[in-house]
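Here is a brisk report on one model.

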Amino acid sequence: MKTCIITGASQGIGRATAIRLSEEPDIGGFALIARSAERLDETIALMNGAGKTIRAYPFDLSELRQIEGLVKSIHDDFGPIDMLLNIAGYAEPCSLWDTTIENLETTFTVNVLSTFVMTRECVRYMRDRPAKILNVASTAGTTSRPGWLAYASSKAAVISLSNTLADELAEYGIKVYSISPGRCATELRQKLAPEEDPSTIMQPGQVAGVIADLMSDNESCLDGQNIIVRQSPHLQR
Ligand SMILES: NC(=O)c1ccc[n+]([C@@H]2O[C@H](COP(=O)([O-])OP(=O)(O)OC[C@H]3O[C@@H](n4cnc5c(N)ncnc54)[C@H](OP(=O)(O)O)[C@@H]3O)[C@@H](O)[C@H]2O)c1
């Protein structure tokens, strides 16, 4: 039975992914990470827990130096790690003039640096098994988003990091995926586009379905690419 770590599992795409993957018979262990213990427990209540071990690890991923201990405790609880899904993300959309150092630091720390450190620490417990890592970037990482400077550039970094890691970790048999969702109805999206009607855009369960496909043993050809996930190019960017 496989063990899967999911960051950002307290809501949105991360929660939908935890719920969707809990239907997979070959995944027996889930370690769910986000700051809100209460909302992680809500996610667990929505998952199919039959025959599974599911644990919440309430944790602030901006505490980069504590990540080593977090991953070690997950390994102590579950043993080797088979999947790491870096889904947690942060956005505080601002124009250039309004972008503070604090905004830049938080955005890059949560979106890029924590992905980097989570990956490094998990790979210690993945080597020499057919493990998979998936990073959630964004279509904002490859096309212009005036007013979202910090967020968009952080997602470009996630795409770059994923491409390099896919090549670097191939020697261990570890596959690295990067997906770039378009507009998806979550709290983060509401911050980016407050006027939008969430019922008109992609839902978190649809992104979770794509992630489940990529995590399946049948998928072996899409790693090392930036995979765009959106309903239709005519409806979304
Ligand atoms: N929604 C979209 O349109 C869209 C499009 C492209 C890409 N994405 C990406 O998809 C991913 C998921 O976002 P979402 O749309 O599902 O947004 P969301 O509903 O706001 O979820 C964000 C998740 O990240 C966690 N998180 C944020 N800061 C954290 C921190 N410091 N430490 C630990 N966890 C933290 C949150 O948990 P806590 O608050 O409990 O910590 C929450 O679970 C993000 O990487 C986002 O950039 C979203």
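## An enclosed helix

Helix H1 (residues 12-21) has seven of its 10 residues buried, so it is largely enclosed by the rest of the structure. Buried means under 20% relative accessible area, exposed over 50%, and partly exposed in between (1.4 Å probe, protein chains only). Helices (H or I, at least four residues) and strands (E, at least two) are DSSP runs, numbered from the N terminus.

The buried set in H1 is Ile13, Gly14, Arg15, Ala16, Thr17, Ala18 and Leu21.

## Basis of the model

The model is predicted: local features need pLDDT of at least 70, side-chain atom pairs count only at pLDDT 80 or more, and totals for chains, interfaces and linings use all residues. Residues are numbered from 1 along each chain as its sequence is written, and side-chain values use heavy atoms, with hydrogens and water left out.

## Ligand site

The ligand is surrounded by 30 residues. Ser10, Ile13, Arg35, Tyr151 and Thr186 are the closest. A residue counts as near when one of its heavy atoms lies within 4 Å of the molecule or strand in question. Ile13 also belongs to the buried set of H1.

Arg35 places a polar side-chain atom 2.7 Å from a ligand oxygen. Leu61 has a polar backbone atom 2.8 Å from a ligand nitrogen. At Leu188, a polar backbone atom is 3.3 Å from an oxygen of the ligand. On its own the ligand has 880 Å² of accessible area, and the protein covers 95% of that. Such areas come from the Shrake-Rupley method with a 1.4 Å probe; for residues, only the protein chains shown count as cover.

## Ser178 in strand S6

Ser178 sits in strand S6 (residues 175-181). Its relative accessible area is 1%, so Ser178 is buried. Its side chain makes a polar contact with the side chain of Asn226, at 3.4 Å. A polar contact is a pair of N or O atoms within 3.5 Å; within protein, one must be able to donate a hydrogen and the other to accept it, and residues adjacent in sequence count only if both atoms are side-chain atoms.

Beyond its neighbours within four places in sequence, Ser178 is in contact (heavy atoms within 4.5 Å) with residues including Asn135, Ala137, Ile159, Ser162 and Ile227.

## Cysteines

How many disulfides are there? The count is zero, a disulfide being a pair of cysteine sulfur atoms within 2.5 Å. For Cys184, the nearest cysteine sulfur is that of Cys4, 18 Å away.

Cys184 is buried at 5% relative accessible area. Cys221 is exposed, at 61%.
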